[in-house]
Amino acid sequence: MKYYLEHAIRLAEMVEGQTGVNPPVGAVIVKEGRIIGMGAHLKKGDKHAEIQAIDMAGAQNVAGATIYVSLEPCSHYGATPPCAAKIIETGIQKVVYAARDITLPATGHEMMAEKGIDVQYTPHPRADKLYASFFASKTTEVPIVTVKVSASLDGKQATDHQQSKWITSKAVKDDVFQLRHMHDAIITGNGTLEADDPSLTVRLPEGRHPARIVMTNSGHIDWQAAMFHDQLAPVYIYTDNESFVSPLDHVHVVYLPSTDVKTILHDLYKKGFGRILVEAGPKLTSQFLTSEFISTFILYLAPKIIGGQGKYQYFQTDGVTPLDQLANFEIVHSEMIDTDIKLQMKRM
């Protein structure tokens, strides 16, 4: 049983980042000791994992089978009918799932158990880890936020003369492409746009290009920047400047009276962006690192010491916070990438 449940979790992990504001879910159907169907929720609005697995097995073949699911089957009508109802309809005999959906008032567990199905909640640490950020995101109605920084050992994103290419190795660039692929959108600032002219695309075979989000208060945009002309993914410019307009039809201007982190994240969530990656300069990076909404902080450190006055130190604040009041992060993963170190941290 554990093997099949872990296989369902692995399917969910493989589609993490593809489902917008919906959770990634995997499902495996087993009958008479054989896997007869598998499925994953591939994108927002598409068939859920349980339905994909039933379709693969054939609805006429699943009576008496067991379905293993990474997340409790849903009991509500959304873009698709409830999976719990479909499971009941097909005659599946047993359901084993690894994480409860704590965001829903009515549970699929009770709905299926009332119809005589043997329903087992079997907690799994990998599932808990997979869904913790999703539950927080759904409750607060803001996307899951990851901040990414590439820096020297002394915390510089660039020299005082704005040289930043390349502090970290080419292998780190490839890792960042994979990171982008797992997010719906990337947020950057107008300062980064002017200094680096980034494309913020994914240069991977079969890579998925995230939407590009540019934040600006001044509204002084260089319309010759690369991201405005490749049309590989949508571009949104967030501003509090009411008079700002875009000369390009495919570049969307979003005016908000306030462009603080919380307001922008709420708006992005309403637009269906479930996972956001922040790749920006010190000013914007610092705003997100001090906010309550950051979930993950990924820091790539190159074995270099840049020195100078630290104009481009990645974390900068106006005030000084007492040590006992600092935001803490837990290192959950570390690895060497070529000559650089990658640290993945969760906000505590």
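Leu-200 sits in the loop that runs between helix 7 (190–196) and strand 8 (211–215); helices here are DSSP runs of H or I with at least four residues, strands are E runs with at least two, and both are numbered from the N terminus. The model is a predicted one, in which local features need pLDDT of at least 70 and side-chain atom pairs count only at pLDDT 80 or more, while totals for chains, interfaces and linings use all residues. Residues are numbered from 1 along each chain as its sequence is written, and side-chain values use heavy atoms, with hydrogens and water left out.

Is Leu-200 buried or exposed? With a relative accessible area of 3%, Leu-200 is buried (buried means under 20%, exposed over 50%, partly exposed in between, using a 1.4 Å probe and protein chains only). Leaving aside residues up to four places away in sequence, Leu-200 touches Arg-180, Ile-186, Thr-188, Pro-210, Arg-212, Met-227 and Glu-279, a contact being heavy atoms within 4.5 Å.

Arg-180, one of those neighbours, belongs to helix 6 (residues 170–181). Arg-180 has 8% relative accessibility and therefore counts as buried. With residues up to four places away in sequence again not counted, its contacts include Ile-186, Thr-201, Val-202, Arg-203, Arg-208, Pro-210, Leu-277 and Glu-279, along with Leu-200.

Several of these names turn up again in a record. The unreviewed UniProt entry carries a "binding site" annotation that covers Ser-164, Arg-180, Leu-200, Arg-203 and Glu-279; UniProt positions are in the numbering used here, feature names are shortened, and annotations may be inferred rather than shown by experiment. From this set, Ser-164, Arg-180, Leu-200, Arg-203 and Glu-279 are part of the lining of the largest pocket. On a 1 Å grid over the protein atoms alone, a pocket is an open set of points with protein on both sides within 12 Å along at least five of seven lines, whereas a cavity is a set where a 1.4 Å probe fits but cannot get out; lining residues have an atom within 4 Å of a point.

Trp-166 lies in the loop between strand 6 and helix 6, and a cis peptide bond joins Lys-165 and Trp-166, with omega at about -5 degrees. Ser-169 is also placed between strand 6 (144–152) and helix 6, and is buried at a relative accessible area of 13%. What does the side chain of Ser-169 make a polar contact with? The partner is the side chain of Asp-340, at 2.8 Å (a polar contact is a pair of N or O atoms within 3.5 Å; within protein, one must be able to donate a hydrogen and the other to accept it, and residues adjacent in sequence count only if both atoms are side-chain atoms). Beyond residues up to four places away in sequence, Ser-169 touches Ile-337, Asp-338 and Asp-340.

Strand 13 and strand 14 form it with 2 residues between them. Asp-338, in the loop between these strands, is not a glycine, yet has a positive phi of about 55 degrees; at 54% relative accessibility, Asp-338 counts as exposed. Strand 13 (residues 329–337) runs antiparallel to strand 14, with 8 bridges joining them, and His-333 has Gln-344 in strand 14 as its bridge partner. Strand 14 (residues 340–347) also pairs with strand 12 (residues 294–302), in the antiparallel sense over 6 bridges, where pairing needs at least two DSSP bridges. Here Leu-299 stands opposite Leu-343.

Elsewhere, the largest nonpolar core has 39 residues, and Ile-29, Ile-67, Ile-87, Ile-92, Val-95, Met-112 and Tyr-131 have the most contacts inside it; such a core is a set of buried Ala, Val, Leu, Ile, Met, Phe, Trp, Tyr and Cys residues joined through side-chain atoms within 4.5 Å. Elements supplying at least two residues each include helix 1 (2–14), strand 1 (26–31), strand 3 (66–69) and helix 5 (125–140). Helix 1 gives the largest share of this core, 6 residues. A second, separate core of 33 residues includes Val-142, Ile-187, Phe-273 and Phe-293.

Leu-71, in the loop between strand 3 and helix 3, counts as buried at 3% relative accessibility. Its C-alpha atom is separated by 33 Å from that of Val-172, 101 residues apart along the chain. Finally, Glu-141, in the loop between helix 5 and strand 6, has a positive phi of about 60 degrees although it is not a glycine, and is partly exposed at 46%.
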